[in-house]
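Hi,

Here is the structure I promised to pass on.

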There are 6 protein chains.
Amino acid sequence: MNEAAISRYPVPQLETLPDDIRDRILAVQEKAHFIPNVFLTLAHRPAEFRAFFSYHDAIMEREGSTLTPAEKEMIIVATSAVNGCQYCVIAHGALLRVFAKEPLLADQIAINYLHAPINERQKAMLAFALKLSRTPESIEESDYDRLKQLGYDDEDILDITGITAFFGLSNRMAIVTGMQANAEFYTMAREPRG
Amino acid sequence: MNEAAISRYPVPQLETLPDDIRDRILAVQEKAHFIPNVFLTLAHRPAEFRAFFSYHDAIMEREGSTLTPAEKEMIIVATSAVNGCQYCVIAHGALLRVFAKEPLLADQIAINYLHAPINERQKAMLAFALKLSRTPESIEESDYDRLKQLGYDDEDILDITGITAFFGLSNRMAIVTGMQANAEFYTMAREPRG
Amino acid sequence: MNEAAISRYPVPQLETLPDDIRDRILAVQEKAHFIPNVFLTLAHRPAEFRAFFSYHDAIMEREGSTLTPAEKEMIIVATSAVNGCQYCVIAHGALLRVFAKEPLLADQIAINYLHAPINERQKAMLAFALKLSRTPESIEESDYDRLKQLGYDDEDILDITGITAFFGLSNRMAIVTGMQANAEFYTMAREPRG
Amino acid sequence: MNEAAISRYPVPQLETLPDDIRDRILAVQEKAHFIPNVFLTLAHRPAEFRAFFSYHDAIMEREGSTLTPAEKEMIIVATSAVNGCQYCVIAHGALLRVFAKEPLLADQIAINYLHAPINERQKAMLAFALKLSRTPESIEESDYDRLKQLGYDDEDILDITGITAFFGLSNRMAIVTGMQANAEFYTMAREPRG
Amino acid sequence: MNEAAISRYPVPQLETLPDDIRDRILAVQEKAHFIPNVFLTLAHRPAEFRAFFSYHDAIMEREGSTLTPAEKEMIIVATSAVNGCQYCVIAHGALLRVFAKEPLLADQIAINYLHAPINERQKAMLAFALKLSRTPESIEESDYDRLKQLGYDDEDILDITGITAFFGLSNRMAIVTGMQANAEFYTMAREPRG
Amino acid sequence: MNEAAISRYPVPQLETLPDDIRDRILAVQEKAHFIPNVFLTLAHRPAEFRAFFSYHDAIMEREGSTLTPAEKEMIIVATSAVNGCQYCVIAHGALLRVFAKEPLLADQIAINYLHAPINERQKAMLAFALKLSRTPESIEESDYDRLKQLGYDDEDILDITGITAFFGLSNRMAIVTGMQANAEFYTMAREPRG
């Protein structure tokens with residue numbers, strides 16, 4: 001596969017990129033041993049690249065969030081699946097396997113979270129995320145009530161909302177750019193924890 | 001109306017905000033003579049505030065975009081209306097009236113763009129934006145083809161996508177926070193240009 | 001805008017109309033200081049004009065109805081908005097502002113009644129009207145129960161039904177004829193009550 | 001079956017009705033040898049009864065319409081079926097069998113007009129009627145074009161619209177009132193023409 | 001109507017069929033006095049014919065099922081109607097009339113089971129069947145709970161599922177082959193029981 | 001995981017099963033080195049087990065079919081994904097990887113076939129299968145035409161239909177029984193062909 005095939009849009013060469021963007025990409029590469037295509041693809045527009053990853057970090061790395069890393073990935077996988085976004089389901093499915101240490105969970109949630117082995121709170125969280133993702137116009141008071149009955153507070157609801165909203169943006173960018181998921185993601189963390 | 005009523009979440013006092021955020025808000029206030037509630041509401045979480053407005057500017061102020069300011073607002077109004085987002089329809093409806101200098105156009109597009117007095121290219125642009133907004137999983141080759149037949153190129157399509165995607169995020173944040181549109185927006189630019 | 005532009009169909013001259021129709025139109029003009037386009041547009045077919053306005057009056061002016069004028073307009077605005085009818089949302093949005101003496105309410109309901117500042121009974125009334133309007137096949141016993149729990153009786157339910165059904169008809173006539181809302185409606189009663 | 005069972009609402013005794021309403025009902029009874037329940041049910045509200053049947057006649061008996069009586073009934077049966085209205089499908093299914101002299105056609109259209117033995121023009125007419133009935137917001141220029149290519153003119157389109165719109169109203173009234181179809185309609189004209 | 005018209009696919013002559021298939025068809029003909037077209041149509045592919053009717057019998061004739069024959073037909077009629085399958089609605093509507101000894105019930109259920117004179121348990125059974133038929137992805141724990149509250153046990157739920165699933169298959173085969181319902185089915189058992 | 005966990009229903013012990021069923025299961029085990037749970041789960045009802053696998057074989061092993069084994073699995077994966085059936089997506093995703101010798105293809109098709117690296121004919125095949133699966137009532141003449149333009153003949157269309165219809169049945173049985181996919185399927189054939 002040549003580089004062009006990872007996007008319908010031009011993919012810049014690393015050496016042509018602004019320093020801050022190239023540095024961020026090289027840091028990811030060092031940690032992951034490959035460059036996830038979302039970095040190379042979005043680098044086509046540096047200003048949007050910077051805003052995208054700032055937003056990503058603000059949402060995903062908020063201090064004080066009570067959502068676990070695995071729960072955040074569950075939201076991303078479930079909403080990206082109904083939105084039909086290959087990149088996000090494959091890449092964040094891999095991260096869900098990594099964080100949850102459950103090799104089957106990502107596929108189960110991508111196909112149908114109602115039949116996944118997660119708890120009642122997590123199912124309610126995903127029900128809210130999916131409703132917000134697909135029919136935001138239908139969110140109503142009882143949706144907050146349901147989450148609060150299960151112990152989520154206002155800040156938790158805002159975390160769920162932020163992740164759902166940001167990855168809804170991400171899904172649409174990945175779909176229209178034809179962003180391809182790296183082959184590495186498909187097989188990552190598929191073995192049971194030893 | 002007290003300040004708390006503009007959001008379900010705490011609205012910070014201006015003087016308690018980080019300097020960069022307060023400065024941005026004061027600059028907007030100076031220009032608009034009021035503070036749009038999106039600024040006060042999102043300031044509840046400074047990191048997300050910064051990312052949100054960086055993304056907004058990257059998308060809406062990209063140099064070289066061939067979309068006119070009015071066309072960008074058409075996309076926002078049409079997609080926010082189907083997503084049921086009061087804040088975005090009201091605030092960007094006002095901006096659409098300002099930019100298009102057509103006092104009826106924003107309401108017409110919010111209700112049904114198919115019956116609005118816009119041209120064929122603009123209708124195709126909105127058809128793409130609405131499809132991407134509501135059923136991103138259904139975007140296919142023929143959708144690009146239709147836009148290209150009407151003279152849109154790949155970068156135009158990416159602009160339409162970015163606006164649709166970013167305001168889809170914005171819609172979901174505004175809906176869940178219960179963000180109220182300022183009364184000023186409802187009446188802005190409703191008189192015909194003299 | 002010339003007269004032809006208010007409809008895809010021929011718009012008759014007032015002096016060519018049957019006396020009863022012309023009289024009705026002139027009476028409206030005297031009261032409103034302009035002729036709402038629905039009168040001129042539907043006059044293209046006199047028999048249907050007469051039946052339309054007889055039905056309108058039977059539904060909207062029924063003695064003994066406990067629905068307030070503003071509540072009737074809420075139903076019209078909410079259902080016409082999801083049906084994508086510009087004429088009905090704009091014209092009845094104006095009437096809602098007039099009757100409710102709330103300059104923001106019509107736009108709020110047109111965009112998303114779930115986030116409008118109306119009471120629980122009114123929200124239930126609109127939920128029923130919207131369900132009946134969009135998926136009449138799904139009306140079931142529990143829908144009556146919900147309304148009755150909130151104090152609506154059988155005749156109230158029939159009033160809600162009649163308004164929803166009649167303006168569903170009206171929406172479809174306005175959409176297919178391409179009926180344009182008069183500019184006067186867009187700005188009517190937008191100022192707060194003094 | 002007692003009379004009360006034909007509606008969730010009170011059914012007035014014939015002798016208590018205003019003369020014009022009783023006369024209309026008796027005239028129908030003389031012709032049909034039974035009283036279709038729509039007359040008894042709607043007589044609960046005389047003003048709406050009068051407007052309903054005036055509208056019905058204006059739409060269904062318009063001089064100069066090029067739609068055949070069977071085609072008008074096809075529209076009613078197809079749209080009432082998707083709206084889930086037992087009364088209208090059963091009663092107008094009977095009329096369709098009478099007018100079309102085809103004993104199987106009404107059931108075929110009620111279940112799925114795409115597989116009914118009707119011609120291409122009639123299928124296009126029903127496609128338009130169903131789109132207008134279910135998603136009026138989606139009617140666009142190409143819908144008119146399709147009908148015009150098949151020889152329908154503007155007045156034909158207005159006839160199709162009027163029937164669709166009026167029976168959409170009728171469906172909602174019949175559903176909410178729980179209007180029961182007379183047993184006579186179920187078996188009427190089921191034998192092939194001799 | 002010539003034989004070819006009952007299917008878009010070749011309809012084999014009885015004498016050319018394998019013995020077991022011909023014998024099954026002749027046995028049906030002896031009992032019913034006509035050959036339901038599903039037998040002739042599916043005989044085009046003998047292996048699928050055998051599997052189809054084996055499955056049919058396993059589902060519909062399971063010993064120990066607590067569903068009555070009429071209830072099984074209710075499921076078939078209701079789900080086939082929403083799937084738009086003329087053959088199944090017409091043929092199994094006839095069987096429903098035969099088994100329920102209620103000449104109006106099949107049409108009532110085909111059009112809208114919510115308004116049919118069946119009991120609460122039967123409505124819940126059909127609600128489950130329709131949900132499973134149309135949106136199988138949405139089946140969740142509360143759907144089982146609802147049925148169990150009304151006295152259905154696990155084996156009943158599996159019976160409802162099997163019938164829904166098998167006739168969903170049957171609907172799709174009948175639709176794509178253009179299978180025509182025999183005229184006999186339309187009028188069968190339409191007279192009230194004497 | 002204990003055996004009970006693979007189904008909501010009792011899972012029979014192999015030694016208690018009728019000989020023909022046990023023999024079929026042992027034959028599968030010998031070939032696959034594990035017993036796919038669909039065999040153990042459906043053995044709960046022997047008559048339905050036999051009919052299910054007879055139908056499966058009639059559809060999937062029809063001599064003369066021009067669909068490749070990989071294409072048949074594409075249909076199963078794509079339709080099972082929209083139906084939310086974990087068992088079928090996971091198990092047939094594995095078979096698709098085996099037959100297509102493309103380790104990424106199954107996930108790509110499960111998430112969104114429009115973005116999978118398959119040819120135009122295969123996309124049209126899947127478009128037809130998905131339409132038939134989700135809205136069988138909407139199949140119309142132009143759907144056959146599209147497939148025929150791409151070289152599919154009537155028997156190919158019947159093959160696509162049979163697979164779609166049978167696995168629609170299978171999806172519903174797997175969903176209601178809570179059938180769990182064997183862990184083996186998740187990792188099968190994920191390495192690129194050497």
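Predicted model: local features only at pLDDT ≥ 70, side-chain atom pairs only at ≥ 80, totals over all residues.

**Chains B and A**

Let's start with this pair. How many residues of chain B are in contact with chain A? The count is 40, and they meet 40 residues of chain A. Between them the two chains bury about 3,800 Å², with 61% of that on carbon and sulfur atoms. On the chain B side, the residues that lose the most area to chain A are Arg45(B), Tyr55(B) and Arg172(B), which together make up 19% of what that side buries.

The rule finds 8 salt bridges across the interface of chain B and chain A. One of them you can pick out by eye: the side chains of Glu141(B) and Arg8(A) meet at 2.9 Å, N to O. The interface of chain B and chain A also has 20 residue pairs in polar contact, with both partners at pLDDT 80 or more.

As for which parts of chain B are used, four helices each supply at least two residues to the side that touches chain A: H3 (46-60), H7 (120-134), H8 (141-149) and H9 (154-177). H9(B) has the largest share, with 15 residues. By type, the residues on that side of chain B split into 21 nonpolar, 8 polar and 11 charged.

**Chains D and C**

Now for the other pair. Here 40 residues of chain D are in contact with 40 residues of chain C, and the area buried between these chains is about 3,800 Å², of which carbon and sulfur atoms give 61%. In chain D, Arg45(D), Tyr55(D) and Arg172(D) lose the most area to chain C, and together they account for 19% of what that side buries.

The rule finds 8 salt bridges across the interface of chain D and chain C. Among them, Arg8(C) and Glu141(D) bring their side chains together at 2.9 Å, N to O. H3 (46-60), H7 (120-134), H8 (141-149) and H9 of chain D are the elements that give two or more residues to the side touching chain C. H9(D) gives the most, with 15 residues.

Chain B and chain E do not touch, and their nearest C-alpha atoms are 17 Å apart. No contact joins chain C and chain F either, with their closest C-alpha atoms 17 Å apart.

**Helix H4 of chain B**

This one is worth a look inside the chain. H4(B) covers residues 69-82, and at 1.5 Å a residue its 14 residues should span 20 Å; the end C-alpha atoms are 21 Å apart, which agrees. Is H4(B) enclosed or open? It is largely enclosed by the rest of the structure, because 12 of its 14 residues are buried. The buried ones include Glu71(B), Lys72(B) and Glu73(B), along with Met74(B), Ile75(B), Ile76(B) and Val77(B). The buried residues of H4(B) pack against H3, H5 (86-100), H6 (105-112), H7 and H9 of chain B. Just after the helix, Gly84(B) takes a positive phi of about 70 degrees.

- Asp159(D) is in helix H9 of chain D. Asp159(D) counts as buried because its relative accessibility is 4%. Beyond its sequence neighbours within four places, Asp159(D) is in contact with Arg45(C) from the other chain, and with Arg62(D), Ser65(D), Thr66(D) and Leu67(D).
- Phe34(D) is in the loop between H1 (19-32) and H2 (37-42) of chain D, and is buried at 9% relative accessible area. Phe34(D) and Glu184(D) are 150 residues apart in sequence, but their C-alpha atoms are 8.1 Å apart in space. Not counting residues up to four places away, Phe34(D) touches residues including Asn182(D), Glu184(D), Phe185(D) and Met188(D).
- Asn37(E) lies in helix H2 of chain E and is buried, with a relative accessible area of 7%. Leaving out residues up to four places away in sequence, Asn37(E) touches Ile6(E), Tyr87(E), Gln180(E), Ala181(E) and Asn182(E).

Cheers

How values were computed. Residues numbered from 1 in each chain as written. Chains lettered and ligands numbered in written order. Heavy atoms only, no water. Contact = heavy atoms within 4.5 Å. Buried area = accessible area lost by both parts, 1.4 Å probe. Salt bridge = Lys/Arg side-chain N within 4 Å of Asp/Glu carboxyl O. Polar contact = N/O pair within 3.5 Å; in protein donor to acceptor, adjacent residues only side chain to side chain. Nonpolar A, V, L, I, M, F, W, Y, C, P; charged D, E, K, R; others polar. Expected span 1.5 Å × (residues − 1). Buried < 20%, exposed > 50% of the residue type's maximum accessible area, 1.4 Å probe, protein only.
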